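I opened this notebook to record what I looked up in one structure.

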Amino acid sequence: MVRAAVPEFAGRVQERFGAYRHHVLATLRKDGAPRLTGLEADFRYGELWLGMMVGSRKVLDLRRDPRFSLHANPGPGAGLSGGDVRVSGRAVEVTDPELVARYAVAVKPPEPFHLFRAELTEAVRTYVEDPYVVLESWVPGRPLRTIRRTSDDAALRVE
């Protein structure tokens, strides 16, 4: 969906996630508090997939409330090559045995596992373009929004 709407932006987001294998997933606990856990995310078949160990708390969280955010691993140092990227949305558990098997053949995750397909509701990329911090954000049905600002700005510059 992101790729169809804003292909260049989607490519930058996917490239940033592809730079490292492990990322940080935020789910909601039963009491509504956030839970942060590590996760290997995979872009495949034009979509974002989230594979998880059987019985993990994140699986239970997503079954109860499918909302999530996934933050791309920032990598070493403070350079943030490619920007700081996160996506949010709803995780839909994949129960089709053929699709799960196709994914398992391609990715070779430890089995058994749970598989979720991400339905994105937001993608955000933040990077520095001196003298600005630039924030690009996309939500379904809207054009890509770009904000440029410095720490001296009293107001945002929205493009």
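What volume does the largest pocket have? I found about 550 Å³ for the largest pocket. On a 1 Å grid over the protein atoms alone, a pocket is an open set of points where a 1.4 Å probe fits, with protein on both sides within 12 Å along at least five of seven lines. The volume is the space filled by probe spheres set on the points, which are joined across faces, edges and corners.

I noted the terms of the model next. This is a predicted model, in which local features need pLDDT of at least 70 and side-chain atom pairs count only at pLDDT 80 or more, whereas totals for chains, interfaces and linings use all residues. Residues are numbered from 1 along each chain as its sequence is written, and side-chain values use heavy atoms, with hydrogens and water left out.

**Entry: the pocket lining**

I looked up the lining, meaning residues with an atom within 4 Å of a point. The largest pocket is lined by 26 residues, and Arg-21, Glu-40, Ala-41, Gly-51 and Pro-109 lie nearest its centre. Two or more lining residues come from each of helix 2 (7–18), strand 1 (22–28), strand 2 (34–44), strand 3 (47–53) and helix 4 (97–107). Strand 2 gives the most, with six residues. Helices (H or I, at least four residues) and strands (E, at least two) are DSSP runs numbered from the N terminus.

By class, I recorded 13 nonpolar, seven polar and six charged residues in this lining. Ala, Val, Leu, Ile, Met, Phe, Trp, Tyr, Cys and Pro count as nonpolar, Asp, Glu, Lys and Arg as charged, and the others, Gly among them, as polar.

**Entry: the whole chain**

I found four helices and nine strands in the chain. Along the sequence they follow the pattern α-α-β-β-β-α-β-β-α-β-β-β-β. The C-alpha atoms fill a box of roughly 50 × 35 × 35 Å along the principal axes. Of the 159 residues, 36% count as buried, that is, under 20% relative accessible area with a 1.4 Å probe and protein chains only.

**Entry: Arg-63**

I then turned to Arg-63, which has its place in helix 3 (residues 57–64). Arg-63 is partly exposed because its relative accessible area is 48%, between the 20% limit for buried and the 50% limit for exposed. Leaving aside neighbours within four places in sequence, Arg-63 is in contact (heavy atoms within 4.5 Å) with Glu-93 and His-114. The C-alpha atoms of Arg-63 and Ala-91, 28 residues apart along the chain, are separated by 8.5 Å.
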